[in-house]
Structure formats: C-alpha cells, structure tokens
Amino acid sequence: MSNRVYIFDTTLRDGEQVPGCQLNTIEKIEVARQLEKLGVDIIEAGFPVSSPGDFNSVVEISKVLKDTTICALSRAVKKDIEVAADALKYAKKGRIHTGIGTSFYHINYKLKSNPDEIIKKAVEAVKFARNLIDDVEFYAEDAGRTDNEYLARVVEAVIDAGATVVNIPDTTGYCLPQEYGEKIAFLMNHVPNIDKAIISTHCHNDLGMATANSLSGIINGARQVEVTINGIGERAGNTSLEEVVMAIKCHKDLDFETNINTREIMKSSRLVSTLMRMPVQPNKAIVGRNAFAHSSGIHQDGVLKNRENYEIIDPAEVGVKESSIVLTARSGRAALKHRLQVLGYNLESDELDEVYQRFLDLADKKKDITDEDLQILAGREQSHKDKPLQLKLLQVVCGKSTVPTATVQISFNGDVFTETASGNGPIDAAFTAVKALIKRRVRLEEFLIQAITRGSDDLGKVHVQVEHKGQTYYGFAAHTDIITASVEAFLDAVGKIA
C-alpha cells in the first residue's frame, strides 16, 4: 500500500458553513489559488445545487486552477449530481462527491428509509455520477455511528458501482481515536474490493478528537484525509490541515508523506482568517500566535540554549520567521538579557540586576512588555546613577469633591526631603511640592504626555521643559502611572539646573 496521503481541503465548502463566514466568488478564488500553492491535492469548491453563488464559485475556480482536482458536493440525488457535473465542466481534473446517510439515526429518522433501500440509492447515485465524470467519491454520512458490518456492505457496493474514493465521515465527531481506527481497519479487512478505491477520513471536532481520529484512520489504511485550514467548519469544526500535515511530518517513523509545502501554512491560515473574519485562537496548534511563543523563564532559557529543548517544529517550516520570546513577569534574566542585547544594550551584571527588578515591577502591571518599554528601562538604568534628584515617594489625593493634594519625597546627595502641597490637579499639586523642596524659581514651559502603545496598562512617556534664569532644561520619564512619570520627568529637568 502506498504511503502517500492525499490532502482533500474542504475549507470552501464545509469550512464556509460557519455562520457569518461566507465568501464571495472573488474571495473563494483567492483562497483556492493559495490552497493550490500550498499543495493540496483536492479542493472541495462548493455545493453547486445549493445556490447560484456556490455554482458560480465552482465554475470560476475550475477555470483558474491548473493542477489541483476540483470537487463538487452533491446528495445522492440525480439533479444534484447533474448540476455538480455542469459546474465542473471547465475543471482540468474534476470530481463529484456524492453520498447518503448510513447510520441508524439517519436511515430511520432523517431519511425514513431502510438499510437495503439506502444501498440501492447509493449505488444508483455513484453509477449515475460515473456516467458524467471519471472521478467519483462517495460519502457514507455519519459513518462514525454506523454499524461496521453494514458499513462494509455499503462500501463494497459503491466501489463495485464505480466509486474511486470512499469517504468514512465521523460526521458528529462521536468516535474515539481507537474506535475510528478500528472502523477503518475493519473495512480494510472485510471489504473484498477495497483495493480498488482510496479510503478517506472526514472527522469533525465535537469532542476535540478530529486530528487524532484522522491520524488513526491513516495509520489503519486510509490514504486521503479531509481537512480545513485552521480547523474551521460546522459546529466545533473539522480536522485541521496544519495539525495533520505537521503531525505526519514530525513523526517520520510513521513513514507517511503529503504534497504540502508546509512553509505556506501560516500564509494560508492568515488569508482564511482574514477573509472569513474568523480570528485564530492564540493557543491554536501550529498557527496560533502563541504556538511558538515562550514566556516561562525556564522555557525561555532552554529555547535560547537549544530550540529543540521546547520546540518539536522549526517555526520556519510553517512560514513563521522565528520563535517569540515573550517577556512577562515569569521571564528570567536570561530572556531579558537576550532581548536587551538584540536591542543593542550590553549591561553589566549589576546594571542588569537593577533593570531586571524594575522589569519585574513593570511586568506585574502590564500584560505585554514591548521593545520600547525595554529601551526605556535600559536607558533609564544607564542614566539613573547620574540624576541628583530621585523620587522616593509620591502620594496623591484627588477626586470630584477633594482638593488635589500631593506629598512628594525626594533624595538629594543622600538626604531625604518631604513636602506636601495642593494644586489644580494631582500633577500640578506634585509639581508645586517639588518646587517647594528645591527652593528655586522654575517655570514650566512645556508638558507633554504620550502613550507608547495603545492600552490602559501601557507605559506613558512624559516630556517636560522648564525655564530657570533664562535657561531651558528638559526632562523625560516613563511609567505606567502617568503622575509618577510626570514628577520623575520634572525632577529630571530641574535636577539639571546647576
């Protein structure tokens, strides 16, 4: 048996069934082009009989793609099959995907039929489709909950009727990996003509088992896997293309191969996410923004020493430039030192210790530490020792029915001084207290507050310009507390007065 696994992508059909994620024909063509570039073998482009838009999308995609097989879905109904064949008339390689429900639930409650009648309809549909096209795939809907012996009868009958591929869908995501694998193995061992068709998996993720079930199906004999980009699809979604492909690539001991150019995975993921307006969850395997991000100090240290300590996939293999060392309160000195070196700061051990302590204080207040934050911290450390005036304590009281009051404590040449003052606001009150402490006549000429990034927890930068005896002095500071930043910037300026 060949170890080649064919990738059947149904992002444009099953994936598009997500409420609010419908695409127009132009968008579908854009996705289809990227899927062909990605290297998928078959694209299920739509369900032509369902709407004029779906019909037109299949037609236009068929005109554009050169190498990929274009598949059109239908029910086991002659009209569906005729419309599907008509939509595929421009396809270089076309396939009709027809089928019918085979589980007890579908036969008795949905179709209100009986097992023998279902086999008869299945055979008729496949034969009719084969008269119109050479490549016919049959799906046994809800095969995951179908009795194995009956399912074997259905599979044997549709292969005899001319099906080139037989799809065994776990439509409701019910199966466990061992159970689904055993189902595929049962068919491989009990369907006498099984060698005349490719067996396909089509697993849904209702219990979070879609990828595991698909891999179990492949291991037990399936050679086509039906997937979507980002795992999108009906209800909890379909099997994720990127997960199956990378699992096969990582586990070389399985000895399977696909035609996927994995370096196009991230680009494909972002395109689908953007066009369908469906964000990828941050912790999504392979394509989530945190898939190659490390925030734990232990992990960061390990990755910096050797990527393979905590990564089984080289990010470049899926189109990600590099791993991300995310600085948080859990990060260690090694990660901080590494990032500072990247930014051009080579601090001595004692300087790094000082920056690290302030980094931890900042990281406890902020969700994300940016490069701008680090530059401020590092720059502050390099100039901190030269500042004659340093803020030791700041306490403000303000509110709608309260006179703004500030208590400021500063150190100068080892001595500590404290002053309390009121003002028009908390910053004005603090500045008045500082003026009282330094006992110099200074005039504030310019006061500018600027957010470094966007968000209520981000650092604020403060620039001040003061005048004393005709001379101008500038001060700068940054802090998540904008009042603290203002006072430190004011002290930075007045501290420069001789």
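Predicted model: local features only at pLDDT ≥ 70, side-chain atom pairs only at ≥ 80, totals over all residues.
Trainee: How many aromatic pairs does the count come to?

Mentor: A pair of aromatic rings is described by the distance of the centres and the angle of the planes. Rings pair if their centres lie within 6.5 Å. By this rule, the number of aromatic pairs is six.

Trainee: Are the planes of phenylalanine 104 and tyrosine 109 stacked or edge-to-face?

Mentor: The ring centres of phenylalanine 104 and tyrosine 109 are 5.7 Å apart, with the planes at 90°. Planes over 60 degrees apart count as edge-to-face. The pair of phenylalanine 104 and tyrosine 109 is therefore edge-to-face.

Trainee: Is tyrosine 109 buried or exposed?

Mentor: Exposed means over 50% relative accessible area. Tyrosine 109 has 54% relative accessibility, so tyrosine 109 counts as exposed.

Trainee: Which parts does the pair of phenylalanine 431 and phenylalanine 447 tie together?

Mentor: Phenylalanine 431 and phenylalanine 447 form an edge-to-face pair, at 5.9 Å centre to centre and 90° between the planes. The two parts are 16 residues apart in sequence. Phenylalanine 431 lies in residues 426–438 and phenylalanine 447 in residues 443–451, so the parts tied together are helix H15 and strand E14.

Trainee: Is phenylalanine 431 buried or exposed?

Mentor: Buried means under 20% relative accessible area. Phenylalanine 431 has 5% relative accessibility, so phenylalanine 431 counts as buried.

Trainee: What lies over the face of tyrosine 105?

Mentor: Tyr105 belongs to a cluster with Phe104 and Tyr109, linked by ring pairs. At 4.2 Å from the ring centre of tyrosine 105, over its face, lies arginine 145.

Notes
Residues numbered from 1 in each chain as written. Heavy atoms only, no water. Phe/Tyr/Trp six-rings, centres within 6.5 Å; stacked < 30°, edge-to-face > 60°. Buried < 20%, exposed > 50% of the residue type's maximum accessible area, 1.4 Å probe, protein only. Helix = DSSP H or I, 4+ residues; strand = E, 2+ residues; numbered from the N terminus. Lys NZ or Arg CZ within 6 Å of the ring centre and 35° of its normal.
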